[in-house]
Amino acid sequence: MRAVVTGGCGFIGSHLVDKLAQLSHEIVVIDNFSSGSRRNIEGHLGKKYFNIVSADLKMWSSRWADSFREADVVFHFAANPEVRVSVVDPRVHFDENVLASFNVLEACRKFNVPLIVFASSSTVYGDANIIPTPENYVPLEPISVYGGAKLAVENFMITYSKLYGIRGLILRYANIIGPRSNHGVILDFINKLRRSPSRLEILGDGTQRKSYLHVYDAVDATLHLLKVFTGSSRCYDIYNVGNRDWIRVVEIADIVVKEMGLGKVEYVFKPMTVDGRGWPGDVKFMLLDITKLEATGWKPRWTSAEAVRKTVRQLLGKE
Ligand code: NAD
């Protein structure tokens, strides 16, 4: 299989590249290094099966688009993943998450790419009132520009699948964690505790509860679902990719404190909105219903708490 991975130098994208390489696929990565790093894919540089194009998908150019020629699948993982940025600077997210994705779809159309896999997000559900939230939950009312952008791209994908026959696999990921992540709550806690080992500022009122999936599981589920989808006759499909359970932010703090070997730490909560969110646009309670994913025969290896512990240990270099 010839696979194009946009955002392949990023956190999830680079783990996907590792797995595709293990499975002997030919890989082209397109990345502008805005949040990704060459270090994440350095094991593949110079290898016969691997090519990298340094380009910005916001700007159409045959330099990157030509690499879609003869691609069997495009994994579209490039994005600006910072929900907080989307709230203070919506245009950045429109450009990086909508415009860039539209260009990717147009390149698929131009070069007759048969299939695209899109890294969507749990944020499309907004503050869902059914938890765990299934794929057919309505109304989809994202509360961040990031979530709105993901939903817009999902809609374009559905249209392109119906109008141009480009099959679309939409994966709504929960919080994905693991080595090489460069943002998120775990890294935030580790960095803060390194600076001040007896006091931890926790954004939000402390009631937030969310579901976490280790990146190894996320990549495994992605390739598993690609196989399932390829074998089906659907023009597009949507899956939640997450864990069966969720975990409170305070439990995450407890795990980080324990793994760092710290003594008593005072937790200081800092609600950033009147309803106690960690930041405007933050979904306080997120648990995806993964019945549809599990019905395909896939199960997560680690629970949310186990994935958090494993990630902390990996980020601290203990694993
Ligand atoms: P990341 O920031 O580590 O990776 C994104 C990659 O895209 C980076 O390498 C970045 O340099 C590249 N990129 C960004 N804009 C680009 C552009 N205009 N042109 C070319 N390359 C560009 O983020 P991640 O956490 O690995 O997320 C990967 C995908 O999964 C994103 O689409 C994100 O929205 C989605 N997602 C992530 C999570 C999560 O918890 N990490 C959850 C749900 C969905």
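How many disulfides does the count come to by the 2.5 Å rule? I took a disulfide as a pair of cysteine sulfur atoms within 2.5 Å, and the count comes to zero.

**Ground rules.** I'm working on a predicted model, where local features need pLDDT of at least 70 and side-chain atom pairs count only at pLDDT 80 or more, while totals for chains, interfaces and linings use all residues. Residues are numbered from 1 along each chain as its sequence is written, and side-chain values use heavy atoms, with hydrogens and water left out.

**Cysteines.** I went to C9, which is in no disulfide; its nearest cysteine sulfur belongs to C108, 19 Å away. Then I looked from C108: the closest cysteine sulfur there is in C235, at 15 Å, which is too far for a bond. For burial I used relative accessible area: buried is under 20%, exposed over 50%, partly exposed in between, with a 1.4 Å probe and protein chains only. C9 is buried at 0%, and C108 is buried at 0% too.

**Strand 6.** I used DSSP runs for the elements, numbered from the N terminus: helices are H or I of at least four residues, strands are E of at least two. Strand 6 covers residues 167-173, and seven of its seven residues are buried, so the rest of the structure largely encloses it. I checked the faces separately. R167, L169, L171 and Y173 are buried on one side, and G168, I170 and R172 are buried on the other.

**Its partners.** I call two strands paired if DSSP finds at least two bridges between them. Strand 5 (residues 115-121) runs parallel to strand 6, joined by seven bridges, with L115 opposite R167. Strand 11 (residues 236-241) also pairs with strand 6 in the parallel sense, over six bridges; here R172 stands opposite N240.

**Crossover.** I followed the path from strand 5 through helix 5 (residues 145-164) to strand 6, and this is a right-handed β-α-β unit. Right-handed means that, with the strands pointing away from the viewer, the path from the first strand over the helix to the second runs clockwise.

What is the strand order in the open sheet of three strands? I read 12-9-14, with mixed pairing. Strand 12 (247-248) and strand 14 (285-286) stand at the edges with a single partner strand each, so one side of each has no neighbour in the sheet. Strand 9 (residues 209-210) pairs with strand 12 in the antiparallel sense over two bridges.
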